[in-house]
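Please read these notes with the model open.

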Amino acid sequence: MSSTEPLISLKDVEVHFKESGGTFDFFSEPETVHAVDGVSLDIEENDVVCLVGESGCGKTTLGKTAIGLQRPTGGSVSYRGQDIWQAKDKKGDVEVPYGDIRRALQIIHQDPGSSLNPNRRVMKTLEAPLRRWQKDMSAGDRRAQVLQMLERVGMTPAEDYASRYPHQLSGGEKQRVALVRALLMDPDVILADEAISALDVSLRVEMMDLMLELQDQFDTSFVAVSHDLSNARYFAAHGGGRIGVMYLGRLVEIGPAEEIINNPKHPYTKVLRWATPNLKEEASGEPPVRAIDIPDPKNPPAGCRFHTRCPEAREACRGETPESYQVDADHEVACFRELDDHEYWSSPELAGEGPGNEGEQSSAD
Amino acid sequence: MSTHEPTRTNDARTHEVADPILEIRDAEVVFEMDRGVSRVLDNVSIDIERGEVLGIVGESGSGKSMLASAMLDAVVDPGILSGEITFHPPDGEPVDVLAQDQEGIRELRWEDISMVFQGAMSSFNPTMKVGGHFEETLKAHEYDVEAGMERARELLADLYLEPDRVLDSFAHELSGGMQQRALIALSLVLEPDVLVMDEPTAALDLLMQRSILALLEELKAKYDLTLVFITHDLPLIAELADRLAVMYAFELVEVADSDSILSRAVHPYTRSLLNATPNLDAPLSEMRPIEGSAPDPVNVPEGCSYHPRCPLADEECVSQDPGFRPTHTEDHLAACFHWEEASEAIPFNIEREVNDE
């Protein structure tokens, strides 16, 4: 806690995947998928960061990079000041061994059903991490700790749940088991990859409350990945955290949860807000984007990546990539509209170009 | 067929619409299991009006998908479906869906009532191009292929897809949102009157879900469709749907206009469900989960099946089935003895306008 280093620090992270044409395709160049580009982000102790965006925007890749599951192709990721991949490769002075880092950074997957071994009882699944990381723990203590954790997440009688197989659990219960499994490692950060959206609407608040309660007890930070702004709002706002909005590999806006919801600056954040069903009876009309489908991440548009769909796009957005500009203390946005004196304001609008048709990708070079 | 309950108020109080395209009466699905009889659809009656968008809302395991399967007599073995389902074509005699032979059912599905399921990826044959699916469907139903493919192109374009590119692709070459839209086009290629969609957008991100919903509204107007949209996500469908039918524990518990549900739902379950839904407008402290959990189909509570979780439950609710009854209006039906007290006992966490006529 006393250290001034952030728990996790991502600096100008880039993750590119090479996709080759196939075994017999000798001639074409391998294509590069730009999953994450130029993202810098610090995660503090007891922090909550929710990454939101559409499928394929790179939010999961960024999350996995932050917890050291995905090696970045550029930039750096460090844990308490220790570069994670240098620790892994045993390069330089390794102050924190990779094993410790790995253990401190855990993940809960989207589909708890497939992340639990169907042939193992809950007890056996949950004992495994303790067996591995706390070798001197006695079998009795191990069982006691598992049972205690099950009780903590409301799975009582714990003895009964411990003896069940995953198929004997409901979706919400499986997700709790996955959460317990991550927590048993006493991690510093848990990446929750769409852990909420697979649950029924009525169970989501309960699950998020539970995660935040455990965060308090265990001093854990959460990085949550979601496509649903209302879940992100609930989770981040209750956890006193931030929402980061991603589009095609870039972090386009980040700020305190309520600030992002009530005072969104980036046109894309506004689009996501539109896409979130409200319970008021206001007609929302046409989608406020010029194209429904997200462009191919193998060939992201030049300039601002959102310019092909952005309702506010102007000529200037094609050529130049916006940096992150400070709106408020914690609130940053990557859009020229934040600068009053940018040439954006005097350049012609692109909005006339074929609204809503994905065939109309403007010639972006 | 059923012997389990003495009072059958549901069918007597079904709200009848002027021009029904589908009439569902006492639909019931049971599975015989080792642990007992599992009643996964319990005596559901509802009319679907020609040209409306009906949203059927329920949580996992509430029986909503079973209701969809029942509409097409597509309940999987060994489930036993009973009741009456009548389809009224735009012209001609009413069709008794459950009395059809295999050939009759085959014609009815796709040509009259078509269905789209969640997970488009698994609906397409991975080794066949998307165009092949359209041709095969047209041929199997003895439609004119050339005219049919012309229609397919138009449908794809209506859904903001590039027809030639999509027809010439394998499913895996398209994004999830494109696949789902291609599947909707496929389900409409035989010009059905009713499109039943079971969580058609659940696997997609929100922006795509909302975009598809906006497109469905256009398709519905252009092709004179009746839409039945089944989902666990009430807020998602509330804007598109004309009427909402809320299911709990394998029964309908409330049916009314969408506006009426949003502004003055009377069933305690519907009200709690609305309050439990994460959203952007309600104060954070006011979002609350519903206490307890939904019942097992083998062991549904006596009386009102929601009584163990309901703050208004009393002796009457424990012993008697409330049955459907009109509430504010003849058209706003709910199965609750205490509907008049619900709004006070379970206040909404967002103020909504009441549109009184």
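1. Strand 4 (residues 80-87) of chain B is joined to strand 5 of chain B by two bridges, and the two run antiparallel. B:Thr86 has B:Asp96 of strand 5 of chain B as its bridge partner. Strands pair here if DSSP finds at least two bridges between them. Helices (H or I, at least four residues) and strands (E, at least two) are DSSP runs, numbered from the N terminus.

2. This is a predicted model: local features need pLDDT of at least 70, side-chain atom pairs count only at pLDDT 80 or more, and totals for chains, interfaces and linings use all residues. Residues are numbered from 1 along each chain as its sequence is written, while chains are lettered from A and ligands numbered from 1 in the order in which they are written.

3. The sheet in chain B is open, with four strands in the order 2-1-4-5 and antiparallel pairing. Strand 2 (36-49) and strand 5 (95-96) of chain B are at the edges; each has a single partner strand, so one side of each lacks a neighbour in the sheet. Helix 2 (residues 64-71) of chain B packs on the sheet and touches strand 1 (20-33), strand 2 and strand 4 of chain B. The direction of helix 2 makes about 115° with that of strand 1 of chain B. Axes are lines fitted to C-alpha atoms, for helices over the stretch in contact; angles run from 0 to 180 degrees between N-to-C directions.

4. In chain B, helix 5 (residues 145-158) packs against helix 7 (residues 176-188) at about 140°, with axes 9 Å apart. That makes helix 5 of chain B oblique to helix 7 of chain B. (Under 35 degrees counts as roughly parallel, over 145 as roughly antiparallel, 65 to 115 as roughly perpendicular, the rest as oblique.) B:Ala152, B:Leu155 and B:Leu156 of helix 5 meet B:Ala182, B:Ala185 and B:Leu188 of helix 7. By class, this contact has six nonpolar, no polar and no charged residues. Residues are in contact if their C-beta atoms, placed from the backbone, lie within 7 Å. Ala, Val, Leu, Ile, Met, Phe, Trp, Tyr, Cys and Pro count as nonpolar, Asp, Glu, Lys and Arg as charged, and the others, Gly among them, as polar.

5. In chain A, helix 9 (residues 201-218) and helix 10 (residues 229-238) pack at about 25°, axes 10 Å apart. They are therefore roughly parallel to each other. A:Arg204, A:Val205, A:Met208 and A:Leu212 of helix 9 meet A:Asn231, A:Tyr234, A:Phe235 and A:His238 of helix 10. The classes are five nonpolar, two polar and one charged.

6. The contact between the chains takes 40 residues from chain A and 38 residues from chain B. On the chain A side, helix 10 gives the most, with seven residues. That side has 15 nonpolar, 13 polar and 12 charged residues.

7. Helix 12 of chain A and helix 8 (residues 206-223) of chain B have axes that come within 8 Å and cross at roughly 60°. Helix 12 of chain A is thus oblique to helix 8 of chain B. A:Val271, A:Leu272 and A:Ala275 make the contact with B:Leu206, B:Leu207 and B:Arg210.

8. Is B:Leu236 buried or exposed? B:Leu236 is buried, with 23 other C-beta atoms within 10 Å. (Buried means 20 or more such atoms, exposed 12 or fewer, partly exposed in between; C-beta atoms are placed from the backbone.) Leaving aside neighbours within four places in sequence, B:Leu236 contacts A:Pro277, B:Gln209 and B:Thr231.

Technical notes:
Two residues are in contact if their C-beta atoms, placed from the backbone, lie within 7 Å.
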